[in-house]
Amino acid sequence: MVVVATVGLGLNLRAWILFGPQLHDRFEVPPRDQVLLVGLPLLVGAFVRLPVGVLTDRYGARVMFPVVSLGTAASVVGLAVAETFPAVVLAGAATGIAGGAFVVGGALLSRSVPYGGRGLALGVFGLGPVVAVGISAVSRAFDPDGRSAALVLGGLLVAFAGVAAGLVRDPGGGRRRGSVMTMVRLASTTSLSILYALALGGIVAVAVYLPVYLTMVLDLTWFAALAVTGAVVGLAAFARLVGGWWTDRRPTARLLTVCYAFAAGLCLLLAVRPTGWWLTIPVITAIAICDGIASGALLALIGKAARADSVGAVMGVTGAVAALGSLLPAALLIAADHAAVSWLLLAAALLGVALYVRARDLRISMGLAVHFEPAAGPTVMTVAVVDESDTRWGVAAVVSRLAELATSDELVVVYGSDAPQRSRLSGNALVAGLRDRLPRHGVVGLQAALYRGAQDRLAGILGDFVAVGDVAVAVTPAADQRHVAARLCSRLRADRLLRVSYSLADGAGLHEVWKR
């Protein structure tokens, strides 16, 4: 599945790359006008991604990958046969349909790849631009005009549509809980979408606008600008692989802070010294690598957190925001009279994002704030046991499982922590995470002592909180956790006792210890 999705993304992205050379080679469009025109496929792609994502949730990738690829094939064939400038612009804008391949492939892998390898798989999927650049290099050597290459690409896309229809298998997405529009509103308002827009938007902007920038500012030839752009895009794509791999193994917020802050510093360097290819090209490459790492990590966070029945809609919204974010460099190039001003504004935006991520470390690390609708069925009283070690690396997955549980059960969590007593509640990631995930519930954290009288009083207090619909978290030293959980089960007359654990391979799991 990973190979099929990656190749499909690469073939579709190749359609985007065709438009710029057509404008330059066939019609000699001035660079500033070309900046505007090559943004048209991005705009079309932004509008296409959401409906493609919703349809992917409904019909599956086996249907939507061929549909998107055939639509892209029609646009590139139109680009090849178009003779007039308006016809080329119209066909070039239609190549934005190719952006739907990102949504379909991302949704497919998020559903089919196990939790522990999902970040790496999405990182490999991010190598699609490398496939596109490779095809571009070969076709450029044999067909500089690009019209025959467009016809060949159309044929390849039709062939891929057939292969995808035959090979792709959609895993079951499960019963839908909650409306599509709820997930759309969630994905469009989460800070992850804005962060992803800056990161992935930066990579897309490099692929589309960098050739124009290099010819305008550094006076490079068009062929040299395309060669540099291909190398930069390839390195950024491999960096996405690193970001996805990291997210499978480590918390992500600090990595994002470093990437955005370092990229902001590099933009400031270009603002001070914007000319000279020996400095500009390596610095832009480093910025693209930072964007690649950040976008790979963020895509992994989104793919791990989104529910299987709505991951297409989530990918569609975040992908649309990213496509719109890629228009930012074009706006800066057009609005600013000097390139230095554009870099300065971009540096300010990246620095602001870095400071935001540092301030909201916990919320960013927990990924997409998926809210759950209660399932139909009888309400049961559940005591869940969680160890501090399971929240050290897997707080997002653990909180997500507990939040889903809290929508259907009366829930008391016994959290074993060896942190200093004063900081067990004030710095408790589990309590903070549940409050973020369950805005309609009260989440109360209390210290639990071992001696009998204190536990009896604690059980009474927790029972009162649960009776009014709150989620109660009893924080206790790890050594006392088993005894406190047993006592609370007895006093609260719990229906079951669960242990919540986390592993890199499987994410968060619920294990039944006892049931009444």
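Reader: What pLDDT does the protein average?

Author: This is a predicted model, in which local features need pLDDT of at least 70 and side-chain atom pairs count only at pLDDT 80 or more, while totals for chains, interfaces and linings use all residues. Residues are numbered from 1 along each chain as its sequence is written, and side-chain values use heavy atoms, with hydrogens and water left out. pLDDT is the predictor's confidence in each residue, from 0 to 100. Of the residues, 87% score at least 70, and the protein averages a pLDDT of 83.

Reader: Over which residues does pLDDT stay under 50?

Author: Contact means heavy atoms within 4.5 Å. The stretch in question has 16 contacts beyond four places in sequence in the model, and it covers residues 173-178.

Reader: Are α3 and α5 parallel or oblique to each other?

Author: Helices (H or I, at least four residues) and strands (E, at least two) are DSSP runs, numbered from the N terminus. Axes are lines fitted to C-alpha atoms, for helices over the stretch in contact, and angles run from 0 to 180 degrees between N-to-C directions. Helix α3 (residues 39-59) and helix α5 (residues 85-94) pack with their axes 7 Å apart, at an angle of about 40 degrees. Angles under 35 degrees count as roughly parallel, over 145 as roughly antiparallel, 65 to 115 as roughly perpendicular and the rest as oblique, so α3 and α5 are oblique.

Reader: Which residues make the contact between α3 and α5?

Author: From α5 come Val89, Gly92 and Ala93, and α3 supplies Leu40, Pro41 and Val44.

Reader: Is Ser295 buried or exposed?

Author: Ser295 lies in helix α14 (residues 277-305). Leaving aside neighbours within four places in sequence, Ser295 is in contact with Tyr196, Ala199, Leu200, Ile203 and Arg240. Buried means under 20% relative accessible area, exposed over 50%, and partly exposed in between (1.4 Å probe, protein chains only). The relative accessible area of Ser295 is 0%, so Ser295 is buried.

Reader: Where is Asp219, and is Asp219 buried or exposed?

Author: Phi of Asp219 is near 60 degrees, a positive value in a residue other than glycine. Asp219 is placed in the loop between α11 (191-217) and α12 (222-247). With a relative accessible area of 64%, Asp219 is exposed.

Reader: What is the relative accessible area of Arg493?

Author: Arg493 sits in the loop between α23 (481-492) and β5 (496-503). Its phi is near 55 degrees, a positive value in a residue other than glycine. Arg493 is exposed, and its relative accessible area is 60%.
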